[in-house]
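Here is a short briefing on one structure. The sequence and model come first, then the main points by topic.

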Amino acid sequence: MGIRKPNKLAQTAVLKQILKRCSSLGKKHGYDEDGLPIDVPKGHFPVYVGENRTRYIVPISFLTHPQFQCLLRQAEEEFGFDHDMGLTIPCEEEVFRSLTSMLK
C-alpha cells in the first residue's frame, strides 16, 4: 500500500471555488473580486477633493503632469498616503475642476 499523492490540479480548482464563494460573502457592494471599485474604468483612479470629499475619477495620465504632481505632494504632506478613504486632494473643488479641465 503506497501513499497516494493528491491531484494538485483538482485541489487548486476546489480551493479557487471555495475562495471565490467566501470572498463574495464579505465583498463590499460596488467592488469587484479584487477589491477595486466597479465604477472606475481601466486606466483611471478615484480621488476625493474639497471639504466634502467629493469623488472624482481621473485618468492615470494625469500622474505625469507637473501640476497634478504638485497636488499629490500637497496630499502627501497633509494626509499621507496610508488611509482607508482613498487619495484625498487638499484643494477646493473649483480649483481641482479647473486644473483637470486644462490637463485633458
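Two strands pair if DSSP finds at least two bridges between them. Helices (H or I, at least four residues) and strands (E, at least two) are DSSP runs, numbered from the N terminus. This is a predicted model: local features need pLDDT of at least 70, side-chain atom pairs count only at pLDDT 80 or more, and totals for chains, interfaces and linings use all residues. Residues are numbered from 1 along each chain as its sequence is written, and side-chain values use heavy atoms, with hydrogens and water left out.

**Sheet**
- Valine 49 has isoleucine 89 in strand 3 as its bridge partner.
- Strand 1 and strand 3 pair in the parallel sense, over three bridges.
- Three strands make an open sheet, order 2-1-3, with mixed pairing.
- Strand 2 and strand 3 are the edge strands, each pairing on one side only.

**Helix 3**

**Salt bridge**
- A search of the whole structure finds one salt bridge (a side-chain nitrogen of Lys or Arg within 4 Å of a carboxyl oxygen of Asp or Glu).
- It joins the side chains of arginine 97 and glutamate 93 at 3.6 Å, N to O.
- The two residues are four apart in helix 3 (residues 93-103), about one helical turn.
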